[in-house]
Amino acid sequence: MERRSLIKMLLGGGLLGLFLENSKSGKAETGLIRPPGAEPEELFLATCARCGKCAEVCPLGCIKIAHGEQGLAIGTPYIVPVEGYCDLCMKCTEVCTTGALKPVPKEKVRMGLAEIDKDICLARKGEDCRVCHANCPFYDKAIKLENYKYPTVDPDYCIGCGRCEYVCIASPQKAATVKPRKE
């Protein structure tokens, strides 16, 4: 067997393994937070051209491009809130030529869902902290203050932009974190 054929076989088998691993549950789940207007994950992976235009136009530079360790998601855009949040400018949806990212009203975006760890939250530790609440783009809707002091997330309004995680001052671990939404 030629070396080239062997390499092709191994590469093909590796890709097939990744595909089968992702399809065991019947759904492709990457665990990545997608830019606003993203199609459901399985359709997104099939539709995204992996051109990187969305990352190029992002004014805050919050859109990253997945590398090889992300399996079938390689080349697709995602957001890491602790490194940068989405300001909902929607420029990424304007340059997407395949429809993987579609224009959507800001209040209808569902990139992820914020969670606040009560054991880490400074407000719950007696400090006067309302940073996540004050910085939320949907002020006093997505993050509300329980008893005028403790931040809580309302999943009906939270869009998963990541701003709360980005601005959280708890250290070394953030109290506010954004997780991808389950479809």
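**Figure 1. The loop that holds P172.** P172 sits in the loop between α6 (163–167) and β6; helices (H or I, at least four residues) and strands (E, at least two) are DSSP runs, numbered from the N terminus. The peptide bond from S171 to P172 is cis, and its omega is near 5°. Most residues other than glycine have a negative phi, and most peptide bonds are trans. The model is predicted: local features need pLDDT of at least 70, side-chain atom pairs count only at pLDDT 80 or more, and totals for chains, interfaces and linings use all residues. Residues are numbered from 1 along each chain as its sequence is written, and side-chain values use heavy atoms, with hydrogens and water left out.

**Figure 2. The loop between β4 (143–146) and β5 (150–153)**. N147 lies in this loop and has a positive phi of about 55° although it is not a glycine. Y148 is found in the loop between β4 and β5 as well, and its phi, near 60°, is also positive in a residue other than glycine. N147 is exposed, at a relative accessible area of 60%, and Y148 is exposed at 73%. Here exposed means over 50% relative accessible area, buried under 20%, and partly exposed in between (1.4 Å probe, protein chains only).

**Figure 3. Strand β3 and its partner β6**. The two strands run antiparallel and are joined by five bridges; strands pair if DSSP finds at least two bridges between them. A114 stands opposite V178 in β6.

**Figure 4. The nonpolar cores.** A nonpolar core is a set of buried Ala, Val, Leu, Ile, Met, Phe, Trp, Tyr and Cys residues joined through side-chain atoms within 4.5 Å. The largest such core has 38 residues, of which I63, I79, C86 and C164 touch the most other members. At least two residues of this core come from each of α3 (53–57), β3 (112–116) and β6 (176–180). A second, separate core has five residues, including L32, L45, A66 and A73. Leaving out residues up to four places away in sequence, C164 touches A114, C132, I143, A176 and V178. In soluble globular proteins, nonpolar side chains tend to be buried together.

**Figure 5. The surroundings of T76.** T76 lies in the loop between β1 (63–65) and β2 (77–79). T76 is buried, with a relative accessible area of 0%. A polar atom of the T76 side chain is 2.5 Å from the backbone oxygen of A73. Apart from neighbours within four places in sequence, T76 is in contact (heavy atoms within 4.5 Å) with R34, F44, L45, C48, R50, K64, I65 and A66.

**Figure 6. Cysteines without a disulfide partner**. A search of the whole structure finds zero disulfides, a disulfide being a pair of cysteine sulfur atoms within 2.5 Å. C89 is in no disulfide, and the nearest cysteine sulfur, that of C58, is 6.0 Å away. C89 counts as partly exposed, at 30% relative accessibility. For C136, the closest cysteine sulfur is in C161, 6.2 Å away, which is too far for a bond. C136 counts as buried, at 12% relative accessibility.

How values were computed: Polar contact = N/O pair within 3.5 Å; in protein donor to acceptor, adjacent residues only side chain to side chain.
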